[in-house]
Amino acid sequence: HAPLVAWHGSEHFPAIPEGSVPSDAAVIFDLELESFERYKYMSKQSFQERVDECREHREMGIALFRHGKFELARDKYKLCLGILDECRPDTDEEWALNDAVKIPVLLNYGAACNKLGQHREAIKYLDKLLRFDGYNVKALYRRGCAHLALDEFKAAEENFLAMRDFGGKEYSIDATSAFDMLSRAREDKRRREAKDYGEMFEKKIIPDRPPVSYTHLTLPTKA
């Protein structure tokens, strides 16, 4: 017998009456590749082609991040960084372009890592960014947030102070918000520690001793 087709109708195929395909039937799909984009090996790509590919991956990462797909977005950004690390610019203009593309990718990667709770990873890559762009306010803010999540309040404060100093009026609201977060985090930690100490002292450190029984001895008297 000819197999039934699990299809509900389209411009190319007629609709099949509902219930004509059993619920436990094995469905076989015939796929036809109509076109594809031939991939060019990285070793054969020009510098500009690599930069363009990196930008495409970054745009996909941004779209994934906006939809809450932080892990997939992080992987896209990491792929971009790998592509850029393999680039070998020949001119000052190409080096400038390489850095201009890498900076926002590092920022995106740090943001994705923070969303995933991978704060050490975020700090590692934001450190790289700040080594050649020490005035990057967004990087200082995101690195400060990573330290804050790790209860490293001194490092967080240093980053937020630098962000406030370098950002000026443009980032004054963000700086105020950052210091508010720092203040709340410190207060939350104090409350947690106070609660932990209170619970510790409520517990009996020395266990109750068992009751002591006394035996009364009758001493013999002299005859």
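A residue is called buried under 20% relative accessible area, exposed over 50% and partly exposed in between, using a 1.4 Å probe and protein chains only. The model is predicted, so local features need pLDDT of at least 70 and side-chain atom pairs count only at pLDDT 80 or more, while totals for chains, interfaces and linings use all residues. Residues are numbered from 1 along each chain as its sequence is written, and side-chain values use heavy atoms, with hydrogens and water left out.

Helices are DSSP runs of H or I with at least four residues, and strands are runs of E with at least two, both numbered from the N terminus. Helix 3 covers residues 92-115, which is 24 residues. From its first C-alpha to its last, helix 3 reaches 35 Å, close to the 34 Å expected at 1.5 Å a residue; the expected span is 1.5 Å times one less than the number of residues. Just after helix 3, Gly117 has a positive phi of about 80°.

Arg143 is part of helix 5, residues 137-149. With a relative accessible area of 18%, Arg143 is buried. Leaving aside residues up to four places away in sequence, Arg143 touches Ile123, Leu126, Asp127, Leu130 and Asn159, where contact means heavy atoms within 4.5 Å.

The aromatic rings come next. Rings of Phe, Tyr and Trp (its six-membered ring) pair if their centres lie within 6.5 Å; planes under 30 degrees apart count as stacked, over 60 as edge-to-face and the rest as tilted. Searching the whole structure gives five aromatic pairs. One of them joins Tyr141 and Phe160, which are tilted at 35° between the planes and 6.1 Å centre to centre. This pair links distant parts of the chain, since Tyr141 is in helix 5 and Phe160 in helix 6 (residues 153-167), 19 residues apart. Tyr141 counts as partly exposed at 27% relative accessibility, and Phe160 as buried at 0%.

Phe160 also pairs with Phe179: the ring centres are 6.1 Å apart and the planes stand at 70°, so the pair is edge-to-face. Phe179 lies in helix 7 (residues 172-202) and Phe160 in helix 6, so the pair ties together parts 19 residues apart in sequence. Phe179 is partly exposed, at 22% relative accessibility. Through ring pairs, Tyr141, Phe160 and Phe179 are linked into a cluster.
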